[in-house]
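Subject: Structure handover

Hello,

Here is the structure I promised to pass on. Please open it first, then read my notes below.

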Amino acid sequence: MANTSGIEIPELVLADIDGTLVEDATRTMTPFVRRVLQHLHKKGVLFGIASGRPCDELPNTIAQYEMGFEPDFIVGMNGGEVLDTSTGEVSVFDQLQPDRIKTIIEMMQPYDQVNPVIYREHLLVCRFYDDLIRTSEEHAHKKSIVVKSDDEYWTEPTGKIMFRTQTPEQCEEIEAFAKAHIDSTLAAFRTQPTLLEVQDINMNKGVALMEISRRTGIDRSRIVAYGDASNDNEMLKAAGLGVCMINGLPDTKASADAITEKDNDHDGMAHDLIERFPRLFEDFDIDQA
């Protein structure tokens, strides 16, 4: 593919996890993707991971990928947290305050079968316990707590509110409802077929990318970002080159400068890096087992 970004060798690559960096079925990183990331690290290109999950959870998740090195930056909560792994410092941005949490939860009351979930002190706080929460516990390595009343949701600030639905159709319905009823200070978007997230409009992965740019002195024009879902849109727009996975959502493709030729189940991000930045991979053995 032709590289029209003007970047011959990126100084930093920032990537989403699910739908981008790992396979869908296993949620694991393939050996080929791992080798490509290790090559980036060897060449001195900084690497960061950007997720909707909180920063206290992500190091354990990332350790399972066995990359052999630690990401330079970890972005959590859709951009609400930035962890600088060299210092251990976590910066937190634009949390939802208790009064806004109350407004959002009460706004969604017509959908009492939908499960509001928030992160709090290494726990998943939810309205009821079901198979979806059980799966979330397994993936997040967290325990859950069921509220006795909704006012337990707004006892302290949180980065975002997640609404779990039983079907994709129901999630589409509540997304339309939320967008029609929230004010301009909030954003609502699906990050999975059955998961709607609501957060401050100013909290996004694009803001986190700009924070990393500020900290490192790397101009955003030298940063490449990869993503697949709506919570990646602002990150792709803020990067010097924003690349959407071919398996990505339509609005995310529209936010990107380019689209991969392969999906996340076929090492799409890794192949895109190799083809887009040939100088960086001149000594990379693509056929190595």
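Helices (H or I, at least four residues) and strands (E, at least two) are DSSP runs, numbered from the N terminus. By that rule, the chain has nine helices and 14 strands.

Two notes on the source. This is a predicted model, where local features need pLDDT of at least 70 and side-chain atom pairs count only at pLDDT 80 or more, while totals for chains, interfaces and linings use all residues. Residues are numbered from 1 along each chain as its sequence is written, and side-chain values use heavy atoms, with hydrogens and water left out.

**Overall shape**

The C-alpha trace spans about 60 × 40 × 35 Å along its principal axes. The radius of gyration is taken over C-alpha atoms, and the globule rule is 2.2 Å times the number of residues to the power 0.38. For 289 residues the rule puts a compact globule near 19 Å; the chain has 19 Å, so the two agree.

Buried means under 20% relative accessible area, exposed over 50%, and partly exposed in between (1.4 Å probe, protein chains only). Of the 289 residues, 55% count as buried. A contact means heavy atoms within 4.5 Å. Among contacts with a separation of 6 or more, 60% join residues 24 or more positions apart.

**Charges**

Lys and Arg count as positive, Asp and Glu as negative; His and the chain ends are not counted. Each charge is placed at NZ of Lys, CZ of Arg, CG of Asp or CD of Glu. The chain has 28 positive and 51 negative charges, and their mean positions are 1 Å apart.

**Aromatic pairs**

Rings of Phe, Tyr and Trp (its six-membered ring) pair if their centres lie within 6.5 Å; planes under 30 degrees apart count as stacked, over 60 as edge-to-face and the rest as tilted. How many aromatic pairs does this rule give? The count is four.

Take Phe47 and Phe69. Their ring centres are 6.4 Å apart and their planes are at 70 degrees, so this pair is edge-to-face. Phe47 sits in strand E2 (residues 46-50), and Phe69 in the loop between helix H2 (58-63) and strand E3 (73-76), 22 residues apart. Both Phe47 and Phe69 are buried.

Next, Tyr111 and Phe177. Here the centres are 5.2 Å apart and the planes at 70 degrees, so this pair is edge-to-face. Tyr111 lies in the loop between helix H3 (98-107) and strand E6 (115-120), and Phe177 in helix H5 (residues 168-181), so the pair ties together parts 66 residues apart in sequence. Tyr111 and Phe177 are both buried.

Phe32, Phe281 and Phe284 form one aromatic cluster.

Start with Ile118, in strand E6. Is Ile118 buried or exposed? Its relative accessibility is 0%, so Ile118 counts as buried. Leaving out residues up to four places away in sequence, Ile118 touches Leu123, Leu124, Val125, Tyr153, Thr158, Lys160, Ile161 and Met162.

Then find Glu57, in the loop between E2 and H2. Glu57 has 4% relative accessibility, so it counts as buried. Beyond residues up to four places away in sequence, Glu57 touches Tyr119, His139, Ala140 and Lys142.

**Helix H9**

Eight of the nine residues of helix H9 (residues 268-276) are buried, so H9 is largely enclosed by the rest of the structure. Among the buried ones are His271, Asp272 and Arg276. What do the buried residues of H9 pack against? They pack against strand E1 (12-16), helix H1 (31-42), E2, strand E12 (223-227), strand E13 (241-244) and strand E14 (258-259).

Best wishes
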